[in-house]
Amino acid sequence: MDFFFSYFNDLLLYTKDNFLISLLIYFIFLFFYSSFSIPGLVVFIALSGYLFGIFYSYLISIISITLGSLIFFLLSKFFFQYFFLHYYEKYTNSINKYISKSTTEYIIIFRMIPGTPLMLQNLILSLLDISITKFCLATLIGFTPIIYITAFIGNK
């Protein structure tokens, strides 16, 4: 157990000495991590709250997760349209009938649900007929409470 505490202490000292480089490395890491939608994102957000503080952790995390989710969203949308065109059109049309009037609000609420894996959220959202700006806006607003609370817990 002392090994982990000494490792975190060394990581904290490195972060304080090389703050901008650490932020850049963290941004790139979290961008690729969320691009592949690998589970365990909350752990890294809490770690960033410990290393960078609440403000920088929130800012870097929300931007990198939004951009990474956008990459995964676009790739999965292309994949579904290209390989499963018949099923894609069938399910997309039926889902879009129900949420056509307030798409952004539904996506924001969907993003606020804790515990749902990022990969599943992005796959479901790729079936919808939504624009990139609506997706990014809903992701920014929907993930804000979860990321802020996690960064706050990591900071404390």
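This is a predicted model: local features need pLDDT of at least 70, side-chain atom pairs count only at pLDDT 80 or more; totals for chains, interfaces and linings use all residues.
1. Fold. The protein is built from helices: eight of them, with zero strands. Read from the N terminus, the order is α-α-α-α-α-α-α-α.

2. Residues 24 or more positions apart account for 78% of them. Of the 156 residues, 38% are buried.

3. Surface. The accessible surface is about 9,600 Å². Carbon and sulfur atoms hold 75% of that area.

4. Ser-64. This residue sits in helix α4, which spans residues 54-83. Is Ser-64 buried or exposed? Its relative accessible area is 0%, and buried means under 20%, so Ser-64 counts as buried.

5. Surroundings of Ser-64. Which residues does Ser-64 contact, leaving aside neighbours within four places in sequence? They are Phe-27, Leu-30, Phe-31 and Ser-34. The side chain of Ser-64 also reaches the backbone oxygen of Ser-61, at 3.2 Å.

6. Helix α6. This helix covers residues 103-112. Its buried residues are Thr-103, Thr-104, Ile-107, Ile-108 and Arg-111. Seen down the axis of α6, these buried residues fall within an arc of 130°, so they line one face of the helix.

Methods:
Residues are numbered from 1 along each chain as its sequence is written. Side-chain values use heavy atoms; hydrogens and water are left out. Helices (H or I, at least four residues) and strands (E, at least two) are DSSP runs, numbered from the N terminus. Buried means under 20% relative accessible area, exposed over 50%, partly exposed in between (1.4 Å probe, protein chains only). Contact means heavy atoms within 4.5 Å. Accessible areas come from the Shrake-Rupley method with a 1.4 Å probe; for residues, only the protein chains shown count as cover. A polar contact is a pair of N or O atoms within 3.5 Å; within protein, one must be able to donate a hydrogen and the other to accept it, and residues adjacent in sequence count only if both atoms are side-chain atoms. The arc is that of the directions from the helix axis to the C-beta atoms.
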